[in-house]
Amino acid sequence: MSSIIVVTYKGPTDTKPARLRVTCGAFKPKTYTYPHQYDGIRAYELVARMYLDDMGWAKNKPIYGGWIKGSVAGFVAVPI
């Protein structure tokens, strides 16, 4: 995998809670409920890790990233 994992905040609506949407190049995007037990970049990092695990990529590999702009963060999995 050589694409950046992009995590974007989606605010709550009348019927849905706050969510984080994850995209990665041409791969299928996925949406997760915002993990309120974490704050800031840690919530985005957790969701990026969940996406990696759901896709079967880079299990137990470190991920690195940070804010891209506003409420958008990017991460990459680094093989050791």
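1. Let's start with how the chain folds back on itself. Taking contacts in the protein between residues at least 6 apart in sequence, 33% of them join residues at least 24 apart. Keep in mind while reading that this is a predicted model.

2. Now the parts list. The protein has one helix and five strands, and from the N terminus on they run β-β-β-α-β-β. Its radius of gyration is 12 Å, close to the 12 Å that the globule rule gives for 80 residues, so the protein is as compact as a globular protein of that length. If you want dimensions, the C-alpha trace spans about 40 × 25 × 20 Å along its principal axes.

3. What about the surface? The accessible surface of the protein comes to about 5100 Å², and carbon and sulfur atoms hold 54% of that. As for the inside, 29% of the 80 residues are buried.

4. In which order do the five strands sit in the sheet? Reading across, you get β3-β2-β1-β5-β4, in an open sheet with antiparallel pairing. The edges belong to β3 (27-33) and β4 (63-69); each has a single partner strand, so one side of each is left without a neighbour in the sheet. On average, neighbouring strands of this sheet are turned by 25 degrees against each other, direction ignored.

5. Strand β2 covers residues 19-24 and pairs with β3 in the antiparallel sense over five bridges. To find your way there, pick R21: its bridge partner in β3 is T31.

6. Then there is the helix. Helix α1, residues 41-55, lies across β1 (5-10), β2, β3, β4 and β5 (72-77). Relative to β3, helix α1 runs at about 130 degrees.

7. I41 lies in helix α1 and, at 23% relative accessibility, counts as partly exposed. Which residues does I41 touch, not counting those up to four places away in sequence? They are G66, W67, A73 and F75. With A73 the separation is 32 residues in sequence, yet the C-alpha atoms are 7.6 Å apart in space.

8. On to the aromatics: the structure holds four aromatic pairs. One of them is Y9 with Y34, an edge-to-face pair at 5.9 Å centre to centre, with 85 degrees between the planes. Y9 lies in strand β1 and Y34 in the loop between β3 and α1, so this pair ties together parts that are 25 residues apart in sequence. Are the two buried or partly exposed? Y9 is partly exposed, with a relative accessible area of 32%, while Y34 counts as buried at 14% relative accessibility.

9. Y44 counts as buried at 4% relative accessibility, whereas W67 counts as partly exposed at 46%. W67 is also one of the residues that I41 touches.

10. Last stop: F27, Y51 and W57. Ring pairs link these residues into a cluster.

Technical notes: Residues numbered from 1 in each chain as written. Predicted model: local features only at pLDDT ≥ 70, side-chain atom pairs only at ≥ 80, totals over all residues. Heavy atoms only, no water. Pairing = 2+ DSSP bridges. Helix = DSSP H or I, 4+ residues; strand = E, 2+ residues; numbered from the N terminus. Axes fitted to C-alpha atoms, helices over the stretch in contact; angles between N-to-C directions. Contact = heavy atoms within 4.5 Å. Rg over C-alpha atoms; globule rule 2.2 N^0.38 Å. Buried < 20%, exposed > 50% of the residue type's maximum accessible area, 1.4 Å probe, protein only. Areas by Shrake-Rupley, 256 points an atom, 1.4 Å probe, with all protein chains shown as cover. Phe/Tyr/Trp six-rings, centres within 6.5 Å; stacked < 30°, edge-to-face > 60°.
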